[in-house]
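Please open the structure in your viewer and follow the selections below in order, beginning with a pair of helices.

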Amino acid sequence: MHVQQNPAAEGQLVTPEFATVAKSAMAAIEARVHALCLHYADRLPFHGWHHVSFVRAKAVGFARANGANASVVEAAALVHDVNYLVRRNSAASAGRGLRMDLLAEAGVPGQVARWIDEIVDEAEMRTRHRHISIEAQALSDADTLFKALPITPVMLAHRYLEENGVSLRELADKIVGEQRGIHDDGYYFYNRSAADRYGHWARANLELWKCIQESVDDAEVTELLDAVNAVDAAAS
Ligand SMILES: [Fe+2]
């Protein structure tokens, strides 16, 4: 049995408020996701285990801070990006089948697994809004923080291009298009401490990607990028 029930509600259906993911189930999810990330590491240069483990650690911290169900958030973080194993450049929903299979194999009850899948959907950058659940807020803040880290554009952005088969212009359009409105509307981070601590990273990151958008409209910059790509193609 991987769900703890409210003692007062024994015999009743498990409700999300009292559901947790047991340690044994969490270990099984971690082992399976880790193994998949390692096996398909060449397909996940951006969303590999390094990303999953960072988001998981930060999401648990945000969950503890906002009173969300930390074990459910942790499990959601572990399975949140399995869609990239199913289809390149896809939405979280593309990973639903694999996500539910992973959770079932780990022994997570169906009701809790469906809740985890909903949290993953809720937290997606493209569609999230001000009033998502506190569990989705914890996951979103962790995943958003990874995007806003100052090291991400320097060390990892080219990996995103490679993984998802998109151009620099397409990635810049995606980042600015998805994130600027959320940032300007004041819920880039849901957690107040995260907003205070990392808000200037987010601002710098968005400004950088806005500048990248502008720069790829310059004819000589486009030629420069074509020349860089030609060198890469010749070397591979
Ligand atoms: Fe992610």
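Select helices H7 and H10, whose crossing is left-handed, meaning that the near helix is turned anticlockwise from the far one by less than a right angle (clockwise would be right-handed). This is a predicted model, in which local features need pLDDT of at least 70 and side-chain atom pairs count only at pLDDT 80 or more, while totals for chains, interfaces and linings use all residues. Residues are numbered from 1 along each chain as its sequence is written.

The axes of H7 (residues 134-148) and H10 (residues 192-215) come within 9 Å and cross at roughly 40 degrees, and the two helices are therefore oblique to each other (under 35 degrees counts as roughly parallel, over 145 as roughly antiparallel, 65 to 115 as roughly perpendicular and the rest as oblique). Next, show the side chains of Asp141, Leu145 and Ala148 on H7 together with Ala194, Tyr198, Trp201, Ala202 and Asn205 on H10, which make the contact (C-beta atoms, placed from the backbone, within 7 Å).

Ala59 counts as buried because it has 30 C-beta neighbours inside 10 Å, the cut-off being 20 or more other C-beta atoms within 10 Å. Beyond residues up to four places away in sequence, Ala59 touches Val73, Glu74, Ala77, Ala138, Leu139 and Ala142.

Finally, colour the chain by pLDDT, the predictor's confidence in each residue from 0 to 100: the chain averages 93, yet pLDDT stays under 50 over residues 1-13.

Technical notes
Axes fitted to C-alpha atoms, helices over the stretch in contact; angles between N-to-C directions. Helix = DSSP H or I, 4+ residues; strand = E, 2+ residues; numbered from the N terminus. Contact = placed C-beta atoms within 7 Å. Buried ≥ 20, exposed ≤ 12 C-beta atoms within 10 Å, placed from the backbone.
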